[in-house]
Amino acid sequence: MRAWILLMMGLLGLGLAQPARWEGQPEYRAIPGVTTAAGAALDRSYVLVYPAQGTPRGTLIFVPGFLGGATNFDILARRLVLAAPGWAVWAWDRRANGLEDRRGFTTPDPWAYYQNYPLPEFPFLKDWGLRVHLEDLERVVNQARSSGPVVLAGHSLGASLASLYALYRGDTIRGLILLDGAPRLIPLTREQYFGGTEGGFGRLAGLNDLLEGKAPPYINAFGLNPVGFAQAEAQAFMTAQDPQADAPPGWAPFRASRLAAALYRVDERYALSPIFAVSVGQATGREGINLLSLAVGSLVYTIRGPRGGRVEWRDSGEATDPLEFINAYANPVTGFSEWFFPYRLSLDISAYDTAMPELQPRAVPYPVLALGAGRGLLPQVSNFRSVGEVFPSTNLDIRILPGLTHLDILTSRKGDVVGPIAQYLQGVR
């Protein structure tokens with residue numbers, strides 16, 4: 001009987017299999033960056049510091065992906081500092097995170113504050129490309145090296161950026177970990193880099209348009225924009241305070257709890273984009289099929305309304321715990337998203353051999369650990385082909401973690417990547 005109870009509790013996601021987590025408060029630290037026209041007040045990046053537990057051995061620096069912020073790694077970092085004694089974890093916020101107006105989180109109603117959030121110009125963002133970010137990251141790495149060896153771990157596009165750092169200043173780090181990302185994810189030719197490209201969602205501007213002011217300097221397309229990111233974080237912040245309260249008008253097109261209204265937009269069952277999806281449970285409302293998803297070859301559901309008084313959210317024991325996810329998303333100091341992600345950075349990474357021709361393939365003297373998500377961006381070993389191309393004659397350890405989405409690899413309640421990363425860190429000298 002006891003074994004059956006334990007099994008059922010595990011299936012219900014009550015956390016028996018969850019690794020221990022650090023319960024302290026991380027420090028948010030600014031680190032001076034390379035000089036640009038933006039000025040000294042903005043020429044800095046940031047790290048969310050989770051201190052080493054025990055005698056210091058080194059620092060693991062997490063690099064967030066496309067549109068990602070430091071708190072992407074909060075759930076993972078809290079488990080990793082206990083699983084890898086002596087290793088501090090720094091979650092990096094790129095310099096654009098310093099542009100965010102986070103005063104709304106000090107108001108009684110953050111959601112209302114960001115309803116009329118004006119979009120600034122920030123023309124200097126057109127200059128914040130790959131070289132600026134690699135030089136910023138070098139300063140972060142150098143500061144961390146004062147406490148021992150440094151390992152970089154990038155997620156998604158952050159894996160591309162971390163890989164390019166290994167080509168740029170690989171001698172300053174002692175290890176490289178790629179989480180559902182690789183050096184080349186969406187390659188651009190030289191012509192596409194400068195002149196733009198046509199895609200299924202319309203024309204994407206090239207560098208020439210960006211420098212001439214014909215394209216916005218930060219990501220603002222396909223429903224991805226700073227206002228939306230700010231509102232999503234405001235929702236999470238208010239939800240963490242009272243998950244079961246009624247969602248305010250505008251959160252969802254139906255009556256729902258705050259938890260349901262916040263999570264249905266990011267859960268893989270309802271989210272159109274798998275890149276930003278996490279598996280956190282299921283809504284209790286009446287469902288339909290999203291016809292737009294069928295047009296792009298996937299099956300995504302919509303919520304048509306409540307079965308009873310309102311739509312609720314049910315923790316069905318999937319990879320990520322819904323309340324833990326919301327609490328990680330809800331940090332008022334720094335966020336889950338980079339609201340003003342520089343369009344120049346995405347261009348430069350996709351055509352790095354044009355943007356920075358000195359970045360050439362090379363062997364690195366440490367193994368590269370690559371972990372793919374079975375339902376994520378890189379679900380097969382063959383998807384990591386560019387790792388071997390960029391790092392020839394390098395010891396590669398490529399593994400696929402089944403059942404995880406692109407974000408689950410960072411947020412899963414079982415800490416699926418904690419063991420492999422901790423084991424990798426043990427081998428760092």
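The model is predicted, so I took local features only at pLDDT of at least 70 and side-chain atom pairs only at pLDDT 80 or more, while totals for chains, interfaces and linings use all residues. Residues are numbered from 1 along each chain as its sequence is written, and side-chain values use heavy atoms, with hydrogens and water left out.

**Rings.** I got 22 aromatic pairs. Phe122 and Phe124 make a tilted pair, 5.6 Å centre to centre with 50 degrees between the planes. I looked up burial next (buried is under 20% relative accessible area, exposed over 50%, partly exposed in between; 1.4 Å probe, protein chains only). Phe122 is buried at 16%, and Phe124 is buried at 16%.

Phe325 and Tyr329 pair edge-to-face, at 5.6 Å and 75 degrees. They sit about one helical turn apart because four residues separate them in helix α11 (322–329). Both Phe325 and Tyr329 are buried. I took helices as DSSP runs (H or I, at least four residues), numbered from the N terminus.

I also noted one aromatic cluster of Phe105, Tyr113, Tyr114, Tyr117, Phe237 and Trp339.

**Charges over rings.** I required NZ of Lys or CZ of Arg within 6 Å of the ring centre and within 35 degrees of the ring normal. Arg169 lies over the face of Tyr168, 4.2 Å from the ring centre. Arg269 lies over the face of Tyr301 at 4.1 Å.

Notes:
Rings of Phe, Tyr and Trp (its six-membered ring) pair if their centres lie within 6.5 Å; planes under 30 degrees apart count as stacked, over 60 as edge-to-face and the rest as tilted. Helices (H or I, at least four residues) and strands (E, at least two) are DSSP runs, numbered from the N terminus.
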